[in-house]
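Dear colleague,

I am passing the structure on to you below, together with an account of what was found in it. Please read the notes alongside the coordinates.

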Amino acid sequence: MAEKADVWQGTLALMILKTLETLGPLHGYGIARRIEQTSANHLSVNYGTLYPSLLKLEQEGYIASEWGVSENNRKAKFYRLTRAGRKQVEKEAREWERTTAIVARFLWPGEPSR
Amino acid sequence: MRALRAFALRLGGLFAGSRRDREIADELASHLQLHIDDNIRAGMSPDAARRDALIALGGVEATKERYRDQRGLPMLDTLRQDLVYAARVLRRNPGFTCTAILTLALGVGVNTAIFSVVDAVLLRPLPFPAADRLVMIFATNIKSGDTTDVASHPDYLDWSKARGFERMGAFAGGGMTVTGTGDAEFVSGLRVSPTLFDTVGVNPALGRGFTLDEQNPGAPRVVVLSDGFWKRQYGGAAGAIGRELRVNDAPYTIVGVMPPGFHVSSNAAEQLYIPLTIDPSRNHGFLRVIGRLRPGVTTAEAQAEMQVVTGQIARAFPKSNENVRATVIPLLDAMAATVRTGLFILIGVVALVLLIACTNVASLTLARGAARQRELAVRAALGAGRGRIARQLLTESLLLALAGGGVGLVVGSWTARGLVAILSTSFPVPRIDGTHTDAWVLGFTLVLALATGVIFGVVPALSSASPDLTDAMREASRSTTGARAPRLRSGLVILETALALVLLAGAGVLLKTFATLRSTPPGFQSDHLLAADLRLPQPRFALQADRERFYDAVLSRLRGTPGVRSAAFVADLPLNGGSDGLGFHIVGRPDPAPGKSFEAGFNVASADYFRTMEIPVRAGREFTDADRAGTPGVIVVNETAAKRFWPGQSPLGQRIALPRETRVPTANHERDGDSDADAVILTVVGVTGDVRHEGLAVPPRPEIFVNAMQSELPWPWSVLAVRTVADPESLIATVKETARAADRNVPLIRINTMDRILTRATAAPRVYATLLGAFASLALALAAVGLYGLVSYTVSQRTHEMGIRLALGAERTEIVQLVLRGGLALAGIGAVIGVAVAFATTRLLSGLTAGVQPSDPLTFAIVTVVLMAAAMIASYLPARRAARVDPMTALRTE
């Protein structure tokens with residue numbers, strides 16, 4: 001039943017989940033900034049895909065949302081990881097690790113996998 | 001599972017509506033605000049902070065759109081939009097919507113009704129295994145052309161050797177008298193060959209069927225019960241097997257019970273089965289033959305083989321079989337033979353009604369399409385693609401069609417109930433009780449509704465989908481262009497008028513047939529006359545003396561009964577279904593050809609028969625009590641027989657000779673020295689008026705009546721005719737009682753007034769005229785609504801023009817005439833086409849009932865007048881409206 005999501009979307013979903021796991025409940029803007037910072041500004045998050053991605057994760061039950069107030073007193077919608085989401089982070093992280101290991105073996109044959 | 005959950009949520013998201021839209025807008029606004037706050041904190045000026053944040057966020061609307069797509073299911077979402085929009089549009093035009101739905105519901109409904117009857121009667125397979133291989137094999141008389149005759153026992157045995165058949169079985173209908181418990185009960189029963197159950201492939205549910213030995217004369221008497229009889233008489237106890245049942249006054253041992261629902265005869269389900277006894281004579285047929293084709297053998301191949309087989313029999317037994325061949329017909333068709341043509345014609349009729357309904361709705365939709373030009377042009381100008389607009393219009397049509405189909409289903413089930421009631425009370429229709437709304441009928445209605453949705457939806461969808469933008473916009477501001485009725489709509493109205501006329505003509509022809517038959521004198525007086533069908537159980541009444549005693553007992557009692565004017569027995573009552581034929585010689589005259597005899601209808605009657613029926617005696621006398629066994633054999637002939645066999649001379653005193661072989665009358669016959677010593681000589685003593693014996697539309701045949709008291713034929717059937725002084729209904733109980741008092745073991749099968757029998761004889765034309773008349777009226781109403789709609793539309797388009805005409809001094813009557821002329825011209829063209837088609841098609845109705853005179857000019861003239869009158873009304877209403885236009889208002893509408 002797994003969908004063949006395109007790589008970027010799948011990656012974005014993992015980044016969102018990981019961000020929420022690390023930082024706890026966060027609004028969409030915060031998630032975007034965190035991803036950009038973590039990538040040392042190598043990535044810029046397209047908001048046109050961020051919000052649909054958040055909605056998709058919510059529909060799949062990995063995250064939940066509710067309106068709250070930001071640190072500087074702005075109304076914002078906060079997303080948090082659900083229990084299913086936590087499991088999903090682990091699972092996706094493992095899969096990601098495996099995938100990168102395999103790709104690495106192709107790119108740098110002979111080197112011990114990092 | 002996650003994907004499923006997401007799908008369900010998205011499906012739900014389709015209906016989330018504006019609340020969710022506001023939520024994403026809020027979320028994006030908050031995102032923007034957070035970004036601006038950050039930027040200001042980073043030292044930007046508020047303006048720059050805002051601009052930067054907006055640039056980073058990108059197209060808000062595009063984001064919302066993608067968000068919406070993720071929220072719902074985009075394709076379904078469009079469909080939902082189309083449906084919601086279509087529903088809104090339809091709701092906003094209740095007049096159009098109701099007219100369209102009602103029109104469609106009627107069109108679809110009558111089709112559903114006819115289909116559900118056809119499904120039950122013609123389509124559902126018979127309840128036998130591999131029923132498609134079962135055929136009926138009828139004897140066919142190549143001289144008379146009768147293709148549904150009964151076969152003789154030796155013929156049937158010879159036929160069953162044909163190689164194309166796996167098996168053949170035969171049965172003879174009739175009835176059986178069950179005695180032993182109170183009054184004699186007459187039940188329908190069959191005498192069946194031992195092979196019959198195997199042939200149809202159904203074995204007794206309990207016990208056994210018949211063995212080959214049991215068809216020999218003198219074999220132990222055994223009987224198989226139907227499930228119904230078994231449950232009714234024995235409470236469904238298995239112990240019934242082996243018990244004794246008195247059938248036709250003889251003891252029978254019950255050996256088996258058939259499964260529930262099993263029956264072979266097409267009309268009334270039979271109750272009992274007894275073995276058919278071998279009968280060596282080829283001279284009289286009484287068997288119906290069912291065959292099971294070998295796998296792969298077609299009906300046509302079987303027919304070809306039977307042709308060869310019957311040819312061989314004819315050569316071997318020319319005397320009896322010279323004219324006897326066989327006709328092979330699938331069993332299902334044979335069972336429904338009487339109503340097949342009728343149902344097919346009704347299918348055609350309701351299909352036309354549906355076509356008219358569709359035409360009507362297409363015309364309505366076109367009119368509305370024209371009125372919506374501006375709306376569509378605006379949508380196109382705002383970027384709606386041609387396909388998108390076409391899809392929107394098609395969605396509206398389908399929505400209408402489904403609503404029409406839904407209401408049509410209700411109309412259909414009512415109509416079907418009415419149809420079943422009308423048909424089944426008028427004449428026997430096999431399996432019509434099985435008519436109900438099942439999955440097939442539902443499917444049929446759905447497909448029909450959707451198909452009509454496409455038919456009348458595609459035309460307007462295509463013609464409106466690509467509006468010429470500039471034209472449409474301009475037209476919207478001036479109402480005078482397009483003043484003439486649109487050509488396509490005019491064509492549709494002509495078409496429906498023509499179709500309506502065809503149906504009206506058909507109904508008219510049938511109505512005329514019915515009226516003609518009703519006014520045809522049957523040759524006797526039907527009022528104050530009772531007819532009771534009796535059956536004389538065979539072994540008991542095998543002797544002439546026994547029958548005579550019974551006849552005398554009944555007649556003498558009845559003659560003394562107050563309220564009874566006279567009473568008599570007859571073998572075959574006119575219009576009651578039975579009739580027989582006879583070959584005879586005329587004494588002192590050569591036969592029509594060597595080895596051939598004269599042919600006439602044959603009947604057996606007692607004294608007073610003609611007086612009781614009030615059939616006039618033209619010459620000589622009728623039978624009296626003095627004509628008895630032992631007195632000289634006498635016959636009475638009808639006028640047609642007198643003219644045919646004794647042209648230009650009086651038949652009185654003439655003598656005929658009946659071959660002894662037919663065993664008909666014996667009486668105290670003279671032996672004719674010249675001819676066969678075994679012939680019976682009978683003298684003509686009277687000539688009576690002609691009677692329409694076989695049907696009101698069938699010209700009288702030559703008929704010869706033999707005296708009941710002088711007939712040696714063991715005639716099991718007898719009809720007791722009673723002429724009453726007062727209302728015949730009031731004497732029914734008395735007649736029943738009298739018959740029972742004479743012999744309680746003679747069952748009275750049914751008793752009826754002759755008026756009712758006469759009504760039944762005209763049932764087919766009456767029923768078909770009623771049905772066709774109803775459908776034709778519906779068609780006429782629909783066509784009138786169509787014409788009304790078109791004329792109204794034209795008038796509304798020409799309001800401006802009418803205003804100018806009036807302002808320039810036109811009389812209001814001129815305006816009325818102008819509009820009327822337009823409407824009547826269309827109806828006139830339709831009528832002309834319709835009459836032409838009706839001339840070609842009404843002869844199809846001859847298959848429905850005898851006596852149809854197709855293409856009757858007077859009938860056609862009358863229905864054309866009716867149609868034009870309806871067209872006149874339909875055009876006059878809008879014409880009057882046009883004439884009432886206030887010139888000032890009309891001109892100001894600009």
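In this predicted model, strand 17 of chain B, residues 634-638, is joined to strand 20 of chain B by three bridges, and the two run antiparallel. Within that pairing, V636(B) stands opposite F705(B) of strand 20. Strand 20 of chain B also pairs with strand 15 of chain B, residues 598-605, here through five bridges and in a parallel arrangement, and in this second pairing it is N603(B) that stands opposite F705(B).

How many of the residues of strand 20 of chain B are buried? The strand covers residues 703-707, and five of its five residues are buried, so that it counts as mostly covered. The side chains divide between two directions, with E703(B), F705(B) and N707(B) pointing one way and I704(B) and V706(B) the other, and the residues on both sides are buried.

Turning to the overall layout, the domain assignment of chain B gives domain 1 as 2-72, domain 2 as 145-322, domain 3 as 339-518 together with 763-892, and domain 4 as 541-744. Between the C-alpha centres of domain 1 and domain 3 of chain B the distance is 54 Å.

The largest nonpolar core contains 237 residues, and those with the most contacts inside it are L503(B), A721(B) and A779(B). Helix 24 of chain B, residues 763-797, contributes the most to this core, giving 21 residues. If residues up to four places away in sequence are left out, L503(B) touches V349(B), L352(B), L772(B), F775(B), A776(B) and A779(B). There is also a second, separate core of 24 residues, which includes L12(A), I16(A) and Y51(A) as well as L34(B).

Chain A has four helices and three strands, and from the N terminus on its elements follow the order α-β-α-α-β-β-α. Of its 114 residues, 28% count as buried. Among the contacts in chain A with a separation of 6 or more, 45% are accounted for by residues 24 or more positions apart.

Where the chains meet, the contact takes 22 residues from chain B and 20 residues from chain A. On the side of chain B that touches chain A, the elements giving two or more residues are helix 1 (2-13), helix 2 (18-41) and helix 4 (60-71) of chain B, with the largest share, eight residues, coming from helix 2. By class, that side of chain B has eight nonpolar, seven polar and seven charged residues.

Finally, a word on confidence. The predictor gives the complex an ipTM of 0.81 and a pTM of 0.72, while chain B averages a pLDDT of 85, with 92% of the residues scoring at least 70. Two stretches of chain B call for care: pLDDT stays under 50 over residues 476-484, for which the model has 14 contacts beyond four places in sequence, and pLDDT also stays under 50 over residues 661-677, for which the model has 38 such contacts. Where pLDDT is low, the predicted coordinates should not be read in detail.

With best regards

Conventions
Residues numbered from 1 in each chain as written. Chains lettered and ligands numbered in written order. Predicted model: local features only at pLDDT ≥ 70, side-chain atom pairs only at ≥ 80, totals over all residues. Domains from an automatic or database assignment. Buried ≥ 20, exposed ≤ 12 C-beta atoms within 10 Å, placed from the backbone. Pairing = 2+ DSSP bridges. Contact = placed C-beta atoms within 7 Å. Core = buried A, V, L, I, M, F, W, Y, C linked by C-beta atoms within 7 Å. Nonpolar A, V, L, I, M, F, W, Y, C, P; charged D, E, K, R; others polar. pLDDT = per-residue confidence, 0-100.
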